[in-house]
Amino acid sequence: MNVVLIEQLSKSYGEKVLFENITFGIDEGQKVALIARNGAGKSTLLKIMAGIDDADAGRVVFNRDLRVAYLPQNPEFVESNTVLQELFSSDNNFMQAISEYETCLQLMEHDHSAQVQLQMENAISRMDALQAWDYEAKVKEILSKFEIGKLDQQVSLLSGGQRKKLALARIFIEEADLLIMDEPTNHLDIAMIEWMEDYLERQRLTLLVVTHDRYFLDNVCDEIIELDRNEIFRYKGNYSYFLEKKAEREVIEATEIEKARSLYKNELEWMRRMPKARGTKAKARIDSFYEVKDKAFQKTEDKIPQLELKMSRLGGKILEVYNINKAYGSLKVIDDFSYTFKKGDRIGIVGKNGVGKSTLLNLLTGSDKPDTGRIISGQTLVMGYYSQEGLAPMEDKRVIEIIKDIAEDIPLGKGSVSASQFLYYFGFSFPVQYNYYSSLSGGEKRRLYLLMQFLLQPNFLILDEPTNDLDVFTLTLLEDFLLGYPGCLIIVSHDRYFMDKLVDHVFVFEGNGLIKDYYGNYTDYYREKLAEEQKIKAVQKQAKEIKAEPRIKELSKKPTYKQQKEYEALSIDIEKLEIEKAAVIEKMNSGESKPDELQRLSTRYAEIGELLEEKEMRWLELSELF
């Protein structure tokens, strides 16, 4: 059953048609991704569904009493509000009760008056009446995962990344039936993205998401909706399935268009010879001719050829880093780091937000200086640095003019191309090249900034979060280009798919300034990290059991026979549930399950989690008796 229906929806800006007469529905419990090229209207469609923008024609129909939450690409808040006020701004009774309780907790940190204590008692009574403590525990989990601690901090003081976390925490806390999310992974580190994937998989909700994160698409979404040439195409599966079926569709379309073009030539001859007196059969053939003509002249997506840019010559000495240290006050971000860059190095940089990844890039590019240590650049080094900040404010020019200001002709590995051809290589159609910079979408602006770095002919390329706001098609083009790039490459990205495809070892920021050089891609590192964490947990569990043994002897109260049997049964049940949980996750991630099966698995996953929590709590209680 559809929880939302988009019916004959159309939207244009001037002469630019974003989409026209599109129709699709989303069923309860589905987790759907919307995919389209930059500038095709993905964000606009989400805004229309969220009631922020209006369509030119058509309608969006929601089920009655459906609770909808919307995450914009760039969240907006009341700047004078505190984090607490923005988090609990909903009129939901649970939210209001928790807001009142959290406010009292904040007050009691510095005010122990009778009035505040009375307020706290009333807040606790209201929480009890609503049975909101489980809800509050869930809120605490979300806040801790998004590292939101200072609830009394003013929103105006938050960074871009903190704002995104606040917006995500707010919509998760609301417990909406339908989540509409625009690029939820932007500005989040990989650990947080992986937690969010797991959270969304466990929740019984409906999801419509726009994201370029292909592992997120594979792990979370069970259907892909593609908006292409003002048409909607649906794929009942994850991103891997979408790639396979999209390729099949394009082959079939190309074959049909080729047949139509061949038939059109024959029918065109008949039309020219056709006498003026036309019967019923002739009229039918004429109608058929115009249908064939439309098919024969149907526009297809042009295949963009491989681009090989000319690179500045790279000498034997590239970049050498010796024992550098960097700290900001008491915060140490880089501690005694050394590395000598070699030809063909392809390095990824990973770590939590705020641990010093961008600081290292600033030191390598010379825009910042280390507190101690040396960085020595080779004489032939030419750096290209794509930063998170993007293009600096510029005079509003046409896209083609911005490129021509740098170079009229762009040298390639073999020959050269014009500025216009160069833009076309990177997905800027000829009409878009004459658009003003201010009219470009966020993804188009990022793409323009990216290709401007390539014009420098760098032999050492640094890309700091290059995947933000780029569509999956542009990412594929960028990956193909970088795979053939012969210079040194450093990538900072939360896009695991992008990293896995392009880097062969990673610098891991482990905190307190420690940088580990791990040989392998991100997935290799992540698997090893998980294995190490599991070993640590096993050792901690063993140590806890050993520590508990003396206490067992001290306890005068022994477990009853019934308690012993219950304890043994719980141990078996917990082990079985853990095995079943792992099997369910494996099936959900296989990409082979049908939507109905995925829904069943998702429901069972949540049930297993609740059962495990209940049984483990009882097991811990009984373990105190042994």
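Asn-93, Phe-94, Gln-96, Ala-97, Ile-98, Glu-100, Tyr-101, Cys-104, Leu-105, Leu-107 and Met-108 in helix α3 meet a set of residues in helix α4, among them Val-116, Gln-117, Met-120, Ala-123, Met-127 and Leu-130, where contact means heavy atoms within 4.5 Å. By class, this contact of α3 with α4 has 14 nonpolar, five polar and two charged residues. The model is predicted, and local features need pLDDT of at least 70, while side-chain atom pairs count only at pLDDT 80 or more and totals for chains, interfaces and linings use all residues. Residues are numbered from 1 along each chain as its sequence is written, and side-chain values use heavy atoms, with hydrogens and water left out.

**The helix pair**

- Helix α3 (residues 93-108) and helix α4 (residues 114-130) pack with their axes 9 Å apart, at an angle of about 150° (angles run from 0 to 180 degrees between N-to-C directions).
- That angle makes α3 roughly antiparallel to α4, a term used for angles over 145 degrees.

**The sheet**

- Three strands form an open sheet in the order β11-β10-β13, with antiparallel pairing, and two strands count as paired if DSSP finds at least two bridges between them.
- The edge strands, each pairing on one side only, are β11 (331-340) and β13 (372-377).
- From one strand to the next, the twist averages 20°.
- Strand β10 (residues 319-328) pairs with β13 in the antiparallel sense over five bridges, and Glu-320 stands opposite Ile-376 in β13.
- Helix α11 (residues 357-365) packs on the sheet and touches β10, β11 and β13, its direction making about 130° with that of β10.

Technical notes. Helices (H or I, at least four residues) and strands (E, at least two) are DSSP runs, numbered from the N terminus. Angles under 35 degrees count as roughly parallel, over 145 as roughly antiparallel, 65 to 115 as roughly perpendicular and the rest as oblique. Ala, Val, Leu, Ile, Met, Phe, Trp, Tyr, Cys and Pro count as nonpolar, Asp, Glu, Lys and Arg as charged, and the others, Gly among them, as polar.
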